[in-house]
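Here is a short briefing on one protein model. Please read it with the sequence and the structure side by side.

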Amino acid sequence: RRTDQSSQKIDMEDNSQLTPPHPWIENVVATEEQIRVKVKELAARINEDYKDCGTLTVIGILHGAFLFMADLVREISVDLNVHIDFMSVSSYGDESKSSGAVKIIMDTKKPINGKHILVVEDIIDSGLTLKYLLNILEKREPLSLECCVLLQKEGSSENVKAKYVGWETPKESFVVGYGLDFAGRHRCLPYVGELKESEWRKQ
């Protein structure tokens, strides 16, 4: 079962006065400290929602979610037995927009039927890929199925709803850092920044 996204504040941080630390970044979307605070907030909600569940299986979507997921699970209460798994879904090439093609490259290692499942993603762009993935997982009959994302683009909730959302970003922005990349670059930046249009239009 999946529930509708609960009421939460998902506005972006006001970092307009910050100078981007790298020349290819237009502006800072979320600083290291803002990310740490947001991860703790999301984990606190997850701890409360799953406190009586005993075990929670967290499925990270590679490669973008690996940093976010690592920080998130370390904030989840030790009283909740967390199992880790991964999936890899191909929907992006080396371009700034989704190719529209969806293919499961790596599936979960263990069955998920009868388990509480939390899918962790870095960003919801159009929402079509995540919708496809959640529909697949739903057919495997988990006890519950929810999604936690760091960022979602405006309008993406029309296609799919995540219960736990860090921030919302403008639909036209292209963000990198903290796991998010552009054509394989900028994934390991410690903050999230909006890539300059001149950079992504080179591709």
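Helix H3 spans residues 128-138, and its buried residues are Thr129, Leu130, Leu133, Leu134, Ile136 and Leu137. Seen down the axis of H3, these residues fall within an arc of 155°, so they line one face of the helix. The arc is taken from the directions from the helix axis to the C-beta atoms. Buried means under 20% relative accessible area, exposed means over 50%, and partly exposed lies in between (1.4 Å probe, protein chains only). Helices (H or I, at least four residues) and strands (E, at least two) are DSSP runs, numbered from the N terminus.

This is a predicted model: local features need pLDDT of at least 70, side-chain atom pairs count only at pLDDT 80 or more, and totals for chains, interfaces and linings use all residues. Residues are numbered from 1 along each chain as its sequence is written, and side-chain values use heavy atoms, with hydrogens and water left out.

**Overall make-up**

- The protein has 4 helices and 9 strands.
- Along the sequence they follow the pattern β-α-β-α-β-β-β-α-β-β-β-β-α.
- Of the 203 residues in the protein, 44% are buried.
- Take the contacts (heavy atoms within 4.5 Å) between residues at least 6 apart in sequence: 69% of them join residues at least 24 apart.

**Helix packing**

- Helix H1 covers residues 32-49. Its buried residues are Gln34, Ile35, Lys38, Val39, Leu42, Ala43, Ile46 and Asn47.
- The 18 residues of H1 should span 26 Å at 1.5 Å a residue, and the end C-alpha atoms are 26 Å apart, which agrees. The expected span is 1.5 Å times one less than the number of residues.

**Strand S5 and its partners**

- S5 is mostly covered, with 9 of its 9 residues buried.
- S2 and S5 run parallel and are joined by 4 bridges. Two strands pair if DSSP finds at least two bridges between them.
- Val58 has Leu118 of S5 as its bridge partner.
- S5 also pairs with S6, in the parallel sense, over 8 bridges.
- Leu118 stands opposite Glu146 in S6.

**The open sheet**

- A sheet of 3 strands is open, ordered S1-S9-S8, with antiparallel pairing.
- S1 (25-30) and S8 (175-176) stand at the edges with a single partner strand each, so one side of each is left without a neighbour in the sheet.
- S1 and S9 (residues 192-195) run antiparallel, joined by 4 bridges.
- Ile25 stands opposite Leu195 in S9.
- In a regular strand the side chains alternate between the two faces of the sheet.

**Cysteines**

- How many disulfides are there? With a disulfide taken as a pair of cysteine sulfur atoms within 2.5 Å, the count comes to 0.
- Cys148 is in no disulfide; its nearest cysteine sulfur belongs to Cys147, 7.1 Å away.
- Cys148 is buried, at 0% relative accessibility.
- Cys188 is exposed, with a relative accessible area of 67%.

**Loops and backbone geometry**

- Ala162 sits in the loop between S6 and S7 (164-169). Its relative accessible area is 0%, so Ala162 counts as buried.
- Ala162 and Glu121 are 41 residues apart along the chain, and their C-alpha atoms are separated by 9.7 Å.
- The peptide bond from Leu62 to His63 is cis, with omega near 0°. His63 lies in the loop between S2 and helix H2 (66-75).
- Tyr178 is not a glycine, yet has a positive phi of about 50°. Tyr178 lies in the loop between S8 and S9 and is buried at 5% relative accessibility.
- His186 is not a glycine either, and has a positive phi of about 70°. His186 is found in the loop between S8 and S9. At 16% relative accessibility, His186 counts as buried.
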